[in-house]
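Subject: Structure for your review

Dear colleague,

Please find below the structure that I am handing over to you. My notes on what was found in it follow directly after.

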Amino acid sequence: MTAGDTRLSNGAEQPCAMLPGLRADHRGLSMAETLSVALRQAIAGLGALGGFVHWRAPGSGRLRMVTAAEVAPESAAAWTNLHEDANAAPARAMRGGTFVWVAGDSLGIGASGTAAVPLLGIDGVIGVLSVLTAGPDEPDPAQRSFLSSVAAWTVGGLEQHPGGSTSPDTHPDAVPPPGEPSRMVAIRHWEYDPTTRAVTFAPPVLDMRDEPLRDLPTFTADIRAAFDNRTTYDTEYQVHRSDGTVGRVRARGLVVPGEGGTTARMTGTLWDQAQAPAPLDPVVATLRTMGDGFLTIAEDWRITFVNDEAERVLGPGRTLLGSSLWDIPAGRIPGLEAQCRRAATERKAIGFDLHRPVDRRVYHVRLVPVPGGGLTIYFADITDIRPQGAEGPADESGEAGVFPAEGWGRIAERSARMSELTAALAEAVTSSDVVKAVADRVLPPFGADGLVIHALEGGWLHAVGAVGYTEEFLREIDGIPVTSHMAIAQTLRTRTPGFIESRAEYIRLYPKFEGFVAASVKNAWAFLPLIASGYAIGCCVVSFSRSRSFSEEERTLLIALSGLIAQALERARLYDAEHTRAQELQRGLLPRTLPALPAVRAAARYMPAGKGEAVGGDWYDLIPLSGDRVAIVIGDVMGHGIAEAAVMGQLRTAVRTLADLDLDPDELMSHLNELVSDLGQDKYATCSYAVFDPVTRTCTLSLAGHLPPAIVHPDGTVLSPVLAGDPPLGAAEPPFETHELHLPEESLLVFCTDGLVESHARDIDQGLAQLRQTLAGAVARTSYFPSGSVHGDAGRLDDLCDAVVSALLPDCEQTNDDAVLLVAHTCGTPRDSVASCSLPEDPRAAGQAREYVRTQLAVWGLDDLVMTTELLVSELVGNVIRHAGGPIRLRLLRSRSLICEVYDGSLTSPRIRRAGYNDESGRGLHLVAALSKRWGTRHLDEGKCIWTEQEMPLAE
């Protein structure tokens, strides 16, 4: 078994990084559990030897110890009751109301000092949390901040309980006496010298056992690895003592910095679990005591868990934990290594018979790969069932060894079912996956036909999933208080399973639930509490249509399975919550609807990745620009998760901000590239930014690692222009290439991310070919260019999107990447809606501009806008004459609004300034802003354009 990986401030990661390990809320935690969780978090965060919590008894002048961890009662007895005036660290922290560190081994257990932090309630100090530090130095600022954060979390949890400011031992959640939580006794200290690479032991502090650790080479190797990786060392070993008993010791150590910050050595303590062990997780307890052998093997073939039966068969007289499977005698049995390596390579379960020469016993072995690496090994003694020399049935490869469904006894059958469920739950990602795994693997062997998995949330039951019940019944039991379901309430209160073997028994136990029993249409039930991380998180109800009894073996197996289900459900619900938050974040950052603009109508589809994947950073947008131009944007932040979705939101906001400045695509891409580069070296994004000009019917775009759009002509021809793109944002070096596409009237531009056209089943070229084929077929069947319509048909564009998605992603639940499809229908500005003229570079230009406006607006029937338009163009042209230079040109566009554009040859931008009371200038742009709906400036290759938009008069 290798050392832990919690890094300290002397190596890398700060201890305060562990604080997120605390529950964000305190629901479901009693006062005792709150104190216990906080204390153990503080000990782990500082790599301390132990710790305790004192409570201040108002009016008594005393501090009373209410809980302790990893401190022997004999050592802590002197601090059980402290006077507030004492010199001990807890008393000094209580008096000063702030952090205190006192150097010295006051308890005689090898500590370098005591760090204490007060628990500050509404009315002042209510208690003190203390830890016994192992290193020679006072905790650094990050460690002190961490302890203060743990203390604040603790007080927040205590104040949620009625009477939370009173002593915990007067509360119904009373903390056990100080001696009881301490499950370990320190027996000796050790030190590792990196120069000699040897471990030396100090004289025992409490010599409770002879030969505390016999497998010293493994112990030393693990410490070396922890020292080399600059991590804390925290692991557990099995020991065989000289008196014949078997126990476990725990070793903990940390790197101690030398002078000048150099690493000098590692020091630690060895603890012997001399007292009764703490209650085990139900599934661990069941696996440890089950009649079959059970081991877990890490990816490097080290044994990480071994139950009592496996210890008896495989390792008498030696330590198995941490050893390599190939170093123990059983690991050298012919055929075992080949089968293990085959199961690890092929990632599939394998069953076979193993003949053990040493005792001529026959064992059936089941190897099940674990996601992420490693194996679980089950073996059952079948000597009495399978005589020596007999062969088992063959598996699909023709080799002996498939575990039969029946005929080898109930012991082997139980192992197989637990193995299969373990594998299925290990692969379960969502709550729905857990429900499906239980329904497939648990119900059939027991002959059950009903299943409901309830999650407990703040005293309410929510049905996560169910099988074998009507929708009406499930609606009745979903979202009800736990107290209204007596059978489940009793199961969760006692944390013991309940078995009801008939409908009559149910009604006898719970008379008020006769109607509920009748509505369920079931006649026997097993209520299994789901306990994970020490907390009740829900209940699994397995039901049967017929009355039945439950044998002792069935009850034992169901209890063991409930532990597996609880752990998988807890993990899945955390995933569900994170995945839901991430999807909400991403969808909130995407446009709710796409605007319908004169030049472009668009429809889009966003398809999140299938199950097992976090959200991605795909996005799209449609942005109106000046002069009826439209920006079409699509992009993809590489990676999956909330961080990538947040980066996507930053990029989309940046694009909209830069687009308002009317930057050219290549210049905008350069700004985005700088933004992504500033986010970190591991952040990259692809992007396509295109600007469609309806007057010239050109599409100008730049590509940063993104696919170019497909173009669909009105006759149904589909083209994929070959454009040289730049590298993704974050990896590119400006300048970016600019491409210009000339589009026929009413063309379709089809943009997508690679998740739409690329998958494990097809490469990107095949996907693009399928996209072109799908577009051509869909356009041939339905016209997306209705005659006489300059806006296209948004409904038909939606239908086209659906057709493309159905063809390229027939099963969106199985995709490995997010996908975006954006279809834009382009429409040019009619020739008779555009008018322009050149103006001289002299004061006469303003008059000529007014005359041109009057004439053209009369042709367009916009006489109501003549006066305001004359004022606007007169002011804009006058500004050009006074502050800029020629050539000067005026252009009018008739669209949803009346657009006036004045072009000049200067690169200076006009800006509104506050004119003084006596100033004779500076008010012209104020007039322009007041008379127009919008106005602005866009820069060109040679000069600039100042534009205004006015609301069109309502038709009579």
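Which residues of the largest nonpolar core touch the most other members? In this predicted model, they are Tyr620, Ile632, Leu672 and Tyr689, and the core to which they belong has 53 residues. Helix H17, residues 642-660, supplies the largest share of this core, namely seven residues. Another core lies apart from it and has 35 residues, including Val442, Leu451, Leu561 and Ala566.

When its neighbours within four places in sequence are left aside, Ile632 is in contact with Asp621, Leu622, Ser688, Tyr689, Ala690, Leu749, Phe751, Leu822 and Ala824.

I turn next to the sheet. Five strands make up an open sheet, in the order E24-E25-E26-E27-E30, and their pairing is antiparallel. At its edges are strand E24 (616-624) and strand E30 (739-742), each of which pairs on one side only. On average, neighbouring strands of this sheet are turned by 15° against each other, direction ignored. Strand E27 (residues 698-704) and E30 run antiparallel and are joined by four bridges. Within this part of the sheet, Thr698 stands opposite His742 in E30.

Two helices pack on the sheet. H17 touches E24, strand E25 (630-640) and strand E26 (685-693), and the direction of H17 makes about 15° with that of E24. Helix H18 (residues 665-678) touches E26 and E27, and the direction of H18 makes about 155° with that of E26.

The aromatic residues form a further topic. The count of aromatic pairs comes to 15. One of them joins Tyr506 and Trp525 in an edge-to-face arrangement, with 4.7 Å centre to centre and 75° between the planes. This pair links distant parts of the chain, since Tyr506 belongs to helix H14 (residues 503-509) and Trp525 to strand E21 (residues 524-532), 19 residues apart. Tyr506 and Trp525 are both buried. Phe544 and Phe550 also form an edge-to-face pair, with 5.6 Å centre to centre and 70° between the planes. Phe544 and Phe550 are buried as well.

Ring pairs also build a cluster, which links Tyr469, Phe473, Tyr506, Tyr510, Phe513, Phe516, Trp525 and Phe527. The ring of Tyr469 has the charged end of Lys522 sitting over it, 5.2 Å from the ring centre. A charged residue is likewise placed at Tyr903, where Arg889 lies over the face of the ring at 4.2 Å from its centre.

Finally, I draw your attention to Ser874, a residue of helix H23 (residues 866-883). Why is Ser874 classed as partly exposed? Its relative accessible area is 21%, and buried would require a value under 20%, exposed one over 50%. Leaving aside neighbours within four places in sequence, Ser874 is in contact with Ala846 and Arg850. Ser874 and Gly924 are 50 residues apart in sequence, and their C-alpha atoms are 9.9 Å apart in space.

Yours sincerely

Terms used: Residues are numbered from 1 along each chain as its sequence is written. This is a predicted model: local features need pLDDT of at least 70, side-chain atom pairs count only at pLDDT 80 or more; totals for chains, interfaces and linings use all residues. Side-chain values use heavy atoms; hydrogens and water are left out. A nonpolar core is a set of buried Ala, Val, Leu, Ile, Met, Phe, Trp, Tyr and Cys residues joined through side-chain atoms within 4.5 Å. Buried means under 20% relative accessible area, exposed over 50%, partly exposed in between (1.4 Å probe, protein chains only). Contact means heavy atoms within 4.5 Å. Rings of Phe, Tyr and Trp (its six-membered ring) pair if their centres lie within 6.5 Å; planes under 30 degrees apart count as stacked, over 60 as edge-to-face and the rest as tilted. A charge sits over a ring if NZ of Lys or CZ of Arg is within 6 Å of the ring centre and within 35 degrees of the ring normal. Two strands pair if DSSP finds at least two bridges between them. Axes are lines fitted to C-alpha atoms, for helices over the stretch in contact, and angles run from 0 to 180 degrees between N-to-C directions.
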